[in-house]
Amino acid sequence: TYNDDRYGNIIMHYVKKFNIKKFITYGPSMGGLASIYWGLKLNNSNLKLLGVVSIDLRVINFDKNIVLELIKKMNITPVIYLNYTFEDVENKIINENTKSIINEFQKKNCLLMLQPTESNKHLEFIPSKSYLKNLLI
């Protein structure tokens, strides 16, 4: 799953190999959840999280409380970019897990960018690299 320590070990291998001091996480769907989780979990005085890009968090098989607790404990000010689609476009109904993550970030001191995509098709919009660079850099 997204919070398996083996992923953190792989990330830290490359952090050390390339002497990375600042980072931005990115992921679509479950990878978007992982980008939030690992970004917040690995942030420390030697490795600064600058931003999180999470694309369409409409995932259902995860323990959202793990991520919500990390957000609650967050004491940094990164840029958080969350893209999401709707379960019901006509009534603008957002997936309950996505909504709870958005609500928790809204309580924190961060630059939160929300981008709803007018679709109920999961991963309808995947931003280009240049689009993301313009947002975050």
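Ile 10 is found in helix α1 (residues 5–17), helices (H or I, at least four residues) and strands (E, at least two) being DSSP runs numbered from the N terminus. The model is predicted, so that local features need pLDDT of at least 70 and side-chain atom pairs count only at pLDDT 80 or more, whereas totals for chains, interfaces and linings use all residues. Residues are numbered from 1 along each chain as its sequence is written, and side-chain values use heavy atoms, with hydrogens and water left out.

Four strands form an open, parallel sheet in the order β1-β2-β3-β4, where two strands pair if DSSP finds at least two bridges between them. Because β1 (22–28) and β4 (111–117) stand at the edges with a single partner strand each, one side of each is left without a neighbour in the sheet. Five bridges join β2 (residues 48–55) and β3 (residues 79–85) in the parallel sense; Ser 54 has Leu 82 in β3 as its bridge partner.

Helix α4 (residues 96–106) lies across β3 and β4 and runs at about 155° to β3. Axes are lines fitted to C-alpha atoms, for helices over the stretch in contact, and angles run from 0 to 180 degrees between N-to-C directions. The axes of α3 (residues 64–73) and α4 come within 9 Å and cross at roughly 10°. These two helices are therefore roughly parallel to each other, a term for angles under 35 degrees. Their contact (heavy atoms within 4.5 Å) involves residues including Val 67, Leu 68 and Ile 71 of α3 and Ile 101 and Phe 105 of α4.

Technical notes:
Angles under 35 degrees count as roughly parallel, over 145 as roughly antiparallel, 65 to 115 as roughly perpendicular and the rest as oblique.
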